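Keep the model open beside the text.

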Amino acid sequence: MFPSLAWFSEVVSQPFKRSQYGLFHGKMKQYGNNVPFSKHKTRRTWLPNVQSKRITSETLGRELKLKVTTRALRTIKKHGGLDQYLEQTSGKTLGHEGMRLRLMVRDKKQEKRGVREVPSIQAKSELDIADALKVREQAGKALGLEGPATAQQTIKYLKSVNSII
């Protein structure tokens, strides 16, 4: 899910590392100039409006103390809570902490539903061929077949295991 450090350091510059430790909703440090009457420009920076808040996660069943921007707070409120915000927001906007929380919430939901491990069916909306073959083989084993199950048998198996489809 997360890129390797070597690739990540070459592709993405990180001028604002603090944003990795909270929900900043894509907000970064901004740069500009102070321009007085004399037109002598001096560099300055603007930091995002970061607040430390306790936000309740219904899935995790506890409050999380997070650093969030006011924009992220408004978006969380718009989505109807932290769990829905984490599910519906893109990974680029969430950042490292948001992705960590998204995985925690996803794991807890699967644990509550009693979902058994099916290869990458929850991670992607569409399966590629290798993953589909793995799922068919797993369905075949579960149904007591010698080889992989047919498409109809696999769909029936997935519906019975964790009602994904």
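Start with Lys109 and Glu87, whose side chains meet in a salt bridge at 1.9 Å, N to O (a salt bridge here is a side-chain nitrogen of Lys or Arg within 4 Å of a carboxyl oxygen of Asp or Glu). This pair links distant parts of the chain: Lys109 is in helix α4, Glu87 is in helix α3, and 22 residues separate them. Lys109 counts as partly exposed at 29% relative accessibility, and Glu87 is partly exposed too, at 44%. For those labels, buried means under 20% relative accessible area, exposed means over 50%, and partly exposed is in between, with a 1.4 Å probe and protein chains only.

Before going on, a word on what you're looking at. This is a predicted model, in which local features need pLDDT of at least 70 and side-chain atom pairs count only at pLDDT 80 or more, while totals for chains, interfaces and linings use all residues. Residues are numbered from 1 along each chain as its sequence is written, and side-chain values use heavy atoms, with hydrogens and water left out.

How many salt bridges are there by this rule? The count comes to three. Another one joins Arg100 and Glu97, at 2.7 Å from N to O. Both of these residues lie in helix α4, three residues apart, or about one turn of the helix. Arg100 is partly exposed at 40% relative accessibility, whereas Glu97 is buried, with a relative accessible area of 14%. Glu111 and Lys108 also meet in a salt bridge, at 3.9 Å, N to O. They, too, sit in helix α4 three residues apart, about one turn of the helix. In this pair, Glu111 counts as exposed at 58% and Lys108 as partly exposed at 27%.

Stay with Glu97 for a moment. Its helix, α4, runs over residues 91-113. Not counting residues up to four places away in sequence, Glu97 touches Gln20, Tyr21, Gly22 and Leu66, where contact means heavy atoms within 4.5 Å.

Now zoom out to the whole chain. It has six helices and four strands, in the order α-β-β-β-β-α-α-α-α-α along the sequence. Helices (H or I, at least four residues) and strands (E, at least two) are DSSP runs, numbered from the N terminus. Of the 165 residues, 29% count as buried. Among contacts with a separation of 6 or more, 37% come from residues 24 or more positions apart. The accessible surface comes to about 11600 Å², and 51% of this belongs to carbon and sulfur atoms; accessible areas come from the Shrake-Rupley method with a 1.4 Å probe, and for residues only the protein chains shown count as cover.

Among the strands, have a look at β3 and β4. They pair in the antiparallel sense over eight bridges (two strands pair if DSSP finds at least two bridges between them). Across this pairing, Ile55 stands opposite Leu64 in β4. The two strands form a hairpin with four residues between them, and Gly61 in the turn has a positive phi of about 75°.

Next comes helix α2, residues 70-79, where the buried residues are Ala72, Thr75 and Ile76. They cover an arc of only 105° around the axis, so they end up on the same side of α2; the arc is that of the directions from the helix axis to the C-beta atoms. What do these buried residues of α2 pack against? Their partners are β3 (50-57), β4 (62-69) and α3 (82-88). The face turned away from the buried side carries exposed Arg74, Lys77 and Lys78. After α2 comes Gly80, with a positive phi near 95°.

Finish with His25, in the loop between α1 (5-11) and β1 (30-34). Is His25 buried or exposed? At 13% relative accessibility, His25 counts as buried. Its side chain makes a polar contact with the side chain of Tyr85, at 3.0 Å. A polar contact is a pair of N or O atoms within 3.5 Å; within protein, one must be able to donate a hydrogen and the other to accept it, and residues adjacent in sequence count only if both atoms are side-chain atoms. Leaving aside neighbours within four places in sequence, the contacts of His25 include Ala72 and Thr75, both of them buried residues of α2.
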